[in-house]
Amino acid sequence: LLESDSIPEYQVKQIEFTGNQAISEDSLKAWAGLAYPGIISEKQIYQALAKLYESGYFQDAYAEIDSTDSKTHLTIHLQENPRVKEIMVQINSTPSQLLAQMVWGNPHARILNFQECEKFLEEELSKLQQKGSSLARLVSIEYLPESQRVVASLEEGKIAEINLEGNHRTKDWLVYSNFPLKKGDPFNLKLAQKGLANLQSCGYFDQVNLAVTNSAKGAVLNLSLAERKFVLTRGGIHWWDEYGLEGFLEIGHMNLMGTGNQLYARAFYGNRRENYFLRLKANRILRTYLTYQLSLYYRSEDNFLFSQHEKIGEFKEIRRGGKFSLGQNLARLGKVSVEIQAERISFEDAATAQVASEKKRSFLFQILFDNLDRYPYPQKGNYNQFSLEIASHWLGGEIAYRKFQGSLETYLPLTEKL
């Protein structure tokens with residue numbers, strides 16, 4: 001408020017400051033920047049008031065002109081901020097924790113400075129956000145005159161609720177297992193984006209959307225899901241000059257009972273070859289990152305015996321059995337899996353109808369590392385595979401052997417176009 005007779009300029013003889021208890025008058029004169037005695041315009045007075053207020057030490061600042069006598073006096077009235085010792089920061093409902101003591105970078109260390117207080121709180125908010133609390137915000141700030149403390153309350157932006165919509169067949173726990181954020185966690189934008197990518201790539205949904213709303217209890221996450229068709233049916237026929245006409249039919253369910261398990265049945269039939277299998281698998285076991293696969297199969301093939309490029313006989317090879325494998329992706333190693341197989345192998349002589357069979361029980365350990373940039377025609381990357389198979393009598397089989405296999409593939413572009 002500027003009280004005057006609307007005179008644009010004043011011949012000021014004296015300037016007086018009131019209301020400053022801790023801040024020296026020399027500092028006030030330096031901040032105001034008014035030279036006296038001399039002519040001072042109203043614009044200069046407004047600018048001086050703005051500088052004093054923007055210093056952050058005052059709650060209010062206004063000027064008063066007194067020109068009743070031959071001397072014109074300018075009085076600047078100030079309302080100084082209270083004294084403060086430290087700032088206490090309270091996060092959510094946890095007990096107050098002293099994060100830092102405010103030490104002003106100026107001679108007036110005991111007076112609250114709005115500018116530096118705001119800077120301090122912004123730094124604390126930035127720390128919370130860097131730790132993953134993307135929705136961290138300042139809730140309230142209070143001054144306690146008895147202890148000369150400023151108590152600020154920050155909110156981490158914790159998740160109060162996660163709502164699912166559109167998963168009519170997929171179980172809720174399966175969705176939550178692919179979404180890394182849980183109820184009670186601070187909302188983290190990067191983890192939310194990772195969760196959306198997980199849900200989009202898990203194979204159960206055509207579309208995934210996330211909406212975040214605020215409530216009195218915290219952030220509310222609404223996941224909107226559009227399920228894909230889970231039943232798969234396909235078939236085909238082809239002709240080989242060696243095996244003749246062959247055909248297959250495959251039926252599968254990619255989300256059995258909404259649990260994420262995949263069930264496939266396949267029948268392959270030809271003049272010389274038959275292959276039937278039933279396979280149950282899952283990319284994740286419950287909330288873990290383990291994968292599993294259980295297979296039951298029957299395979300047969302008519303083979304010919306040759307001597308001097310002439311056919312001298314034929315026999316049928318029949319393999320029936322099952323195998324179970326567990327695997328998990330490990331950093332820097334790739335996919336590591338172990339497999340147990342139980343199989344009976346039979347050989348039937350077509351001429352004599354004699355059958356010879358033996359049992360095979362084996363244990364397989366395998367490492368697969370694949371970082372190819374694309375499929376099926378990669379331009380760069382590696383595809384490395386190592387496996388160790390052990391068949392032994394102590395596993396209950398009739399065959400014993402050790403087999404180690406490995407392959408290394410590297411793709412390097414020769415030029416930008418080749």
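How many strands form the open sheet that begins with S13 and ends with S22, and in what order do they come? There are 10 strands, in the order S13-S14-S15-S16-S17-S18-S19-S20-S21-S22, and their pairing is antiparallel.

Before we explore, a word on the model: it is predicted, so local features need pLDDT of at least 70 and side-chain atom pairs count only at pLDDT 80 or more, while totals for chains, interfaces and linings use all residues. Residues are numbered from 1 along each chain as its sequence is written, and side-chain values use heavy atoms, with hydrogens and water left out.

Strands (E, at least two residues) and helices (H or I, at least four) are DSSP runs numbered from the N terminus, and two strands pair if DSSP finds at least two bridges between them. At the edges of this sheet are strand S13 (231-240) and strand S22 (401-411), each of which pairs on one side only. From one strand to the next, the twist averages 15 degrees. Angles like this one are taken between N-to-C directions and run from 0 to 180 degrees, using axes that are lines fitted to C-alpha atoms (for helices, over the stretch in contact).

| Strand | Partner strand | Bridges |
|---|---|---|
| S13 | S14 (residues 244-256) | 10 bridges |
| S14 | S15 (residues 261-270) | 9 bridges |
| S19 (residues 334-349) | S20 (residues 355-370) | 14 bridges |
| S20 | S21 (residues 381-391) | 9 bridges |

You can follow these pairs residue by residue. Trp-240 stands opposite Gly-244 in S14, and a hairpin through 3 residues joins S13 to S14. Next along, Gly-247 stands opposite Tyr-269 in S15. S14 and S15 form a hairpin too, with 4 residues between them, and Met-257 in the turn has a positive phi of about 55 degrees.

Further on, Arg-344 has Lys-359 in S20 as its bridge partner. The hairpin of S19 and S20 has 5 residues between the strands, and in this hairpin Ala-353 takes a positive phi near 65 degrees. On the way to S21, Leu-368 has Gln-385 as its bridge partner, and Asp-370 stands opposite Tyr-383.

**Glu-317 and its surroundings**

Glu-317 is found in strand S18 (residues 310-330). Its side chain is joined to that of Arg-319 by a polar contact of 2.7 Å. A polar contact is a pair of N or O atoms within 3.5 Å; within protein, one must be able to donate a hydrogen and the other to accept it, and residues adjacent in sequence count only if both atoms are side-chain atoms. Leaving aside neighbours within four places in sequence, Glu-317 is in contact (heavy atoms within 4.5 Å) with Arg-299, Ser-300, Glu-301, Asn-303, Ser-346 and Phe-347.

**A sheet of 3 strands**

Another open sheet has 3 strands in the order S10-S12-S11, with mixed pairing. Its edge strands are strand S10 (159-165) and strand S11 (205-215), each pairing on one side only. On average, neighbouring strands here are turned by 15 degrees against each other, direction ignored. S11 runs antiparallel to strand S12 (residues 218-227), joined by 10 bridges; in S12, Asn-222 is the bridge partner of Ala-211. Helix H5 (residues 189-201) packs on this sheet, touching S11 and S12, and its direction makes about 155 degrees with that of S11.

Most residues other than glycine have a negative phi, and most peptide bonds are trans. Gln-308 is not a glycine, yet has a positive phi of about 55 degrees; this residue lies in the loop between strand S17 (291-307) and S18. The peptide bond from Tyr-36 to Pro-37 is cis, with omega near -5 degrees. Pro-37 lies in the loop between H1 and strand S3 (38-41).
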